Amino acid sequence: MPRAQQEALASQYGVDLDSIAGSSGQQNQRPQSVNVVEPVDAISDEERERAQEEQENNEEQDRKNGGLKPFGYDLFAGSPTTFAPVTEIPIPNDYTLGPGDVLRVQLWGKENQQLELPVSRAGTISFPQSGPQTIAGLSFDEARQQIKKLVSEQYIGVQASVTLGELRSMRVFVLGEARNAGSYTVSSLSTITNALYVSGGIKRTGSLRKIQHKRDGKLVGELDLYDLLLAGDTSNDNRLQPGDVIFIPPVGDRVGIDGEVYRPALYELKNGTNLQELVNLAGGLTPQAYPQLVRIERNNDDFLRIIAEANLTTLKGKQAKVRPGDRIEVASISDITGHYVEVKGAATRPGKFAWVPGMRVSSVISNLDTDLVPVADQRYAAIVRTDPKTDEVSVLNLRLRDAVQNPGSEQDMLLEEQDRLLIFSDAGKVKGGEEGRNFTRQQLFSPVLQRLKSQAKPGAPEQTIRVTGPVRYPGEYPLPASRQVADAIYVAGGLKDSASLYTAELARFGVDDEGTGNTRIQNLDLQAVMEGQVSVNLKSRDRLLIKSIPEFAQAKTIELNGEVRYPGQYTIRDGETLRDVIKRAGGLTDNAFPEGAVFTREKLRQLETQRLREAEERLQGDLVGVQLEGDDFGGKNAERTQQVQDLLEEVQDSRPVGRMVINLTSVVESDDYQPIRLQDGDTLTVPIIPQAVSVFGEVQFPTSHLHTNGLTVDDYLERSGGPTRQADEERVYVVKADGSVMLPEKSRWFGGRSQQPAPGDTIIVPIDVDRLNQLELWSNVSQIVYQMALGAAAVGNL
């Protein structure tokens, strides 16, 4: 029947044409894979909390077991993403057919046809023109032979090929100590391990060695996952059938093994295990293992922990039985006990080297450029030597460059067994982030110094000294074998150019005749010591202080700006005065206005900074107090609050100048004027001759006016609009151009202030603090602010 007629009949009777076996429409279609287990895309919050709790419990158990983890459970560490039916692998001949399986039969010869025959619930397939054929319960090979026989009997000249199409799914149970126990739908080709993966694996409380496979209540097999994990043996990984049960019993007895084995872990015992078998489970011994010493920690009959030992090189030791709860540790061989020397620090190839008699430093460091890293100190190295009889260490100082450049010489020292050659980094070569930071004298010498201090005893004092002062690497060092001061300085990197060769100081600790500790100070002629003219032997705990040249390379400067002949930054000598430097600068120009000169000093600026900080803190406290008073009926408190806030902002915006009032004219011309001794960081700014008088403070229009002869203070105030309502008319003052303050006569505003300001002067009208609840602090603060503002303005107007 044509395809169109088939579709019409199927639509008429409500039949799914694609579901009919043998349909020509399905002959070339491949059955879709059905996910019998949904992919795990996300986990719920409850599952996440449970997993977190389980992880914390596992970590706690690991700590109790000394860090050892149970072996094998990492196999199920991940979550399954999918367990779709397995359809892409060859079907074994012993596969048992059942309802849901689909057989694909291809006929060729006299008749060509492709059939898809599903196994019904009754266990039969509907073969065309032959009726139902019972197929369930047969193996795939038996079913194939039966179908071929049927075709050969009913179709002449036709041959058949039988394959399996879509496989059935089935439900199995995973119970016991499974991570997610329950029933699961899996592929008919699934095995025990497939089902274990579906259930999320086995909890640490479950056994890996006695996993039971049950069918109809009877035990049909037992799986030991150790066979799979250690040998890849899947012979007992049985294929499942519908309704099968996988039961995971609680874990059996465990024993821990640590030390020099490849897989330290907790292992589950089975049927009695001896020590050699346990070592084999742990992957065997490493090359560093010492098999003659295996420590066994176990519980005795009195439930006390005891330690036993076994020797794995003997038959008795190999066959020693291990008990539940044992902790076995395979000892490691000690560090190489002889026939080696070690290079540590800034070397290209640090590590141990084979020692042979007659070996010298040049045998391991033959080229300074290739055998040392770029940041290495090529001048000095140290040899740490251990006495094999007493196990005490000593330090030999090595002039590394001399040793390498003169092989076989006295400087090229002979090395002994277990010598350690320390190569230090040069601080001048180390840049940010470089490895050489780990090879400083302090870091490499630290364990050596600790060893020297620990081996000190009466009659054998601590062999350490300390070098301080202008040396390249001040600090604590081993006492040089030569005990010479010059060698101690060499170990510390040598003298800096700021070191004084005239004198050094040696502090020595000793015990007097009465047994009391004391300190003696000895002054040294350092130049004579360094030239070998004087020999000074160092002793235990000596402290060598190298003194610096007083004020070495400490350049003090003063900056001259403005109207001087040669402005710039001048270096000053100790005790030099301002007059001397002005002469060096060629004096003042013809346009200079010495009365308005601004002389600033760094120490004064720091003092002003402190005053501003104190004023700001007190103003903030006063502002809080005014705000806590609340508003009154007339709103005066709100006005006072705003005024205090404005003043606080002025304080915060003010920048200290550090101005000191001087009479520059007298400084330059008068021999009787007090000399101004200069300090580092001083600044002198000489302005040009001014033409203005400024008016600041509580006036209507603060501004500057052209200086006019004959005008008084009151005249300039009137030209600025007069005082504001907050002005304190009784405290008007004038800041002269040189920074000094002049108080006009106290009288009525238009009556008595008849003084005539000079060019460059500034008239200040302060705020009336009596109106602001008589806070005297505000007056002081306003004066500070005005003073600093004037100093800054005087510098900025040049």
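User: What number of contacts beyond four places in sequence does the model have for residues 773-777?

Analyst: Keep in mind that this is a predicted model, so begin with pLDDT, the predictor's confidence in each residue. Over residues 773-777 pLDDT stays under 50, and the model has 8 contacts beyond four places in sequence for them. Residues 746-752 also stay under 50, with 15 such contacts.

User: What does the protein chain average in pLDDT?

Analyst: The average is 81, and 82% of the residues score at least 70.

User: Let's move to aromatic rings. How do I read a pair?

Analyst: You look at two things: the distance of the ring centres and the angle of the planes. In this model the count comes to 7 aromatic pairs. Take Tyr380 and Phe424: their ring centres are 5.6 Å apart and the planes make an angle of 5 degrees, so this pair is stacked. Tyr380 belongs to strand 18 (residues 376-386) and Phe424 to strand 20 (residues 420-425), 44 residues apart, so the pair links distant parts of the chain.

User: Are Tyr380 and Phe424 buried or exposed?

Analyst: Both are buried. Tyr380 has a further partner in Tyr490: here the centres are 6.1 Å apart and the planes stand at 85 degrees, so the pair is edge-to-face. Because Tyr380 lies in strand 18 and Tyr490 in helix 12 (residues 485-491), this pair ties together parts 110 residues apart in sequence. Tyr490 is buried, as is Tyr380.

User: Which residues do ring pairs link into a cluster?

Analyst: The cluster holds Tyr380, Phe424, Phe445, Tyr477 and Tyr490.

User: Which charged end sits over the ring of Tyr490?

Analyst: That is Arg399, whose charged end lies 3.8 Å from the centre of the Tyr490 ring. Elsewhere, the charged end of Lys214 sits over the ring of Phe247, 5.4 Å from its centre.

User: And strands? In what sense do strand 26 and strand 27 pair?

Analyst: A general idea first: in a regular strand the side chains alternate between the two faces of the sheet. Here, strand 26 (residues 556-562) pairs with strand 27 (residues 568-572) in the antiparallel sense, over 5 bridges. The two form a hairpin with 5 residues between them.

User: How many bridges join strand 26 to strand 30?

Analyst: There are 5 bridges, and strand 26 and strand 30 (residues 682-686) run parallel. A handy place to look is Gly562, which stands opposite Val686 in strand 30.

Technical notes: Residues are numbered from 1 along each chain as its sequence is written. This is a predicted model: local features need pLDDT of at least 70, side-chain atom pairs count only at pLDDT 80 or more; totals for chains, interfaces and linings use all residues. Side-chain values use heavy atoms; hydrogens and water are left out. Rings of Phe, Tyr and Trp (its six-membered ring) pair if their centres lie within 6.5 Å; planes under 30 degrees apart count as stacked, over 60 as edge-to-face and the rest as tilted. Helices (H or I, at least four residues) and strands (E, at least two) are DSSP runs, numbered from the N terminus. Buried means under 20% relative accessible area, exposed over 50%, partly exposed in between (1.4 Å probe, protein chains only). A charge sits over a ring if NZ of Lys or CZ of Arg is within 6 Å of the ring centre and within 35 degrees of the ring normal. pLDDT is the predictor's confidence in each residue, from 0 to 100. Contact means heavy atoms within 4.5 Å. Two strands pair if DSSP finds at least two bridges between them.
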